[in-house]
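This briefing is for a reader new to the structure shown here. Please look through the sequence and the model, then read the points that follow.

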Amino acid sequence: MDTRSKELFEEAKRHIPGGVNSPVRAFGAVGRTPRFIASAHGSRIVDVDGNEMIDYVCSWGPGILGHAHPRVIEKVTEACRAGLTFGAPTEREVRLAQLIAKLVPSMEVSRLVSSGTEAVMSAVRVARGFTGRDKIVKFKGCYHGHSDGLLVKAGSGALTSSVPDSAGVPADYTKNTLVALYNDCSSVEALFEANGKDIAAVIVEPVAANMGVVPPAPGFLEFLREITERNEALLIFDEVITGFRLALGGAQEYYHVTPDITTLGKIVGGGMPIGAYGGRREIMDMVSPVGPVYQAGTLSGNPAAAAAGLETLRILKEDPEIYGRLERKAKIIADTVRSVSGGTAQVNQVGSLLSIFFTDREVRDYESALSSDTARYSRYFGRVLDQGIYVAPSQFEAMFVSDAHTDEDIEVTCRVLRNCLSHLLS
Ligand code: KE4
């Protein structure tokens, strides 16, 4: 039952584009009314009609500890009582930058911003400023936020410059963005052969999670590290999703590949609006007020957000066993789907990130991800939603498992998945 959600959705559409403040929330890909959420605690989310669901969206990643963790709420409340924002430096920002540098050693120096998009946009500008070069290589199917230069799709061939993937982005803004194919080293080689010393950086999701979850093929990240070094370009790991998700040190710890610049979001803010970008000092000293690359933000390092991020990272640091627990739970779900689907659906799972693809092909890149049956995904989404399981309303997103998901939650989820998938795939 979603009566109140329906009413709110109609009201919302009168004053908000599509009734939502971020497109994927509109449930457009699954043909349902978006659930307007009233509250969430632990692994559970409750909509305005009182439906309680087990949540595997986890706000698209920040919710690694589960919703409304008591310690995080307490620290945010404490910060709010002392004033919401000062536009001046605070101790919490120092402590958060110190903790980021400790957990992600390649981020010796970092700057806090207010979203993943802002972190990536700034990281790209720093890479260009540091190298004096203009071109950036990204990968088809990877998403790095909505800054103009990265809203692109590949031109007619991987060698051509890209074309805008959004109205309102002038072709001029994307002509310096080159598009390669994820897990395809030769497509990257070709771009460097054709553009070599003009490439400032390669930006990559170390585990792609915006085409659904697609892990890096063995050697792919190591190859990107080698070819950027060989061409004196920078390697940017967009760890907005994987940061503190795959390991305390993120994907760069999980895969033992160290980028030059890392971007963070989601977990680093503990559910509050924080992004961050950082790298070794010689790169980050390019950033204003030290260096010539300008970047600024009224609410950057906001006290309440910094309090949420700090406490979240402290909890993760205190209990590194969490990553084993998360992986175990995600694997139970993945194995359940594999056992019931018999190859008619694929599951990619890395740590506590997983995606179910409705295709009989292995999904190892954007093209194979696109072979998925999105209509079948839409039916899957609706059936599990009706059974109280809240997953991403799009085939090309990820499922997120949190430390708050209990063994009973996983058991209930697997029971629902077995039931729904056995009907859907028969
Ligand atoms: P934000 O600006 O949404 O905080 O972060 C942008 C971003 C950057 N890099 C990666 C790898 C990302 O996944 C994202 C944002 N992720 C999407 C979900 N895939 C956010 C959800 C949404 O757009 O509403």
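**The ligand shell**

The shell around the ligand is made up of 5 nonpolar, 7 polar and 4 charged residues; here Ala, Val, Leu, Ile, Met, Phe, Trp, Tyr, Cys and Pro count as nonpolar, Asp, Glu, Lys and Arg as charged, and the others, Gly among them, as polar. The model is predicted: local features need pLDDT of at least 70, side-chain atom pairs count only at pLDDT 80 or more, and totals for chains, interfaces and linings use all residues. Residues are numbered from 1 along each chain as its sequence is written, and side-chain values use heavy atoms, with hydrogens and water left out.

**Around the ligand**

- The ligand is surrounded by 16 residues, the closest being Ser-22, Thr-117, Asn-210, Asp-238 and Glu-397 (a residue is near if one of its heavy atoms lies within 4 Å).
- Domain 1 (3–68 + 320–424) and domain 2 (70–318) each give at least three residues to this shell; the bounds come from an automatic or database domain assignment.
- A nitrogen atom of the ligand lies 2.5 Å from a polar side-chain atom of Asn-210.
- For Asp-238, the distance from a polar side-chain atom to a ligand nitrogen atom is 2.7 Å, and for Lys-266 it is 3.2 Å.
- On its own the ligand has 530 Å² of accessible area, and the protein covers 85% of it (Shrake-Rupley method, 1.4 Å probe).

**The chain as a whole**

- The chain holds 14 helices and 16 strands, which are DSSP runs (helices H or I, at least four residues; strands E, at least two) numbered from the N terminus.
- Its radius of gyration is 21 Å, close to the 22 Å from the globule rule for 426 residues, so the chain is as compact as a globular protein of that length (taken over C-alpha atoms; the rule is 2.2 Å times the number of residues to the power 0.38).
- Of the 426 residues, 56% count as buried (buried is under 20% relative accessible area, exposed over 50%, partly exposed in between, with a 1.4 Å probe and protein chains only).

**Backbone features**

- Most residues other than glycine have a negative phi, and most peptide bonds are trans.
- Phe-27 has a positive phi, near 60 degrees; Phe-27 sits in the loop between α1 (3–15) and β1 (37–41) and is buried, at 2% relative accessible area.
- Glu-232, with a positive phi of about 55 degrees, is in the loop between α7 (220–230) and β10 (234–238) and counts as exposed at 57% relative accessibility.
- Ser-288 and Pro-289 are joined by a cis peptide bond with omega about 10 degrees.

Definitions and conventions: A polar contact is a pair of N or O atoms within 3.5 Å; within protein, one must be able to donate a hydrogen and the other to accept it, and residues adjacent in sequence count only if both atoms are side-chain atoms.
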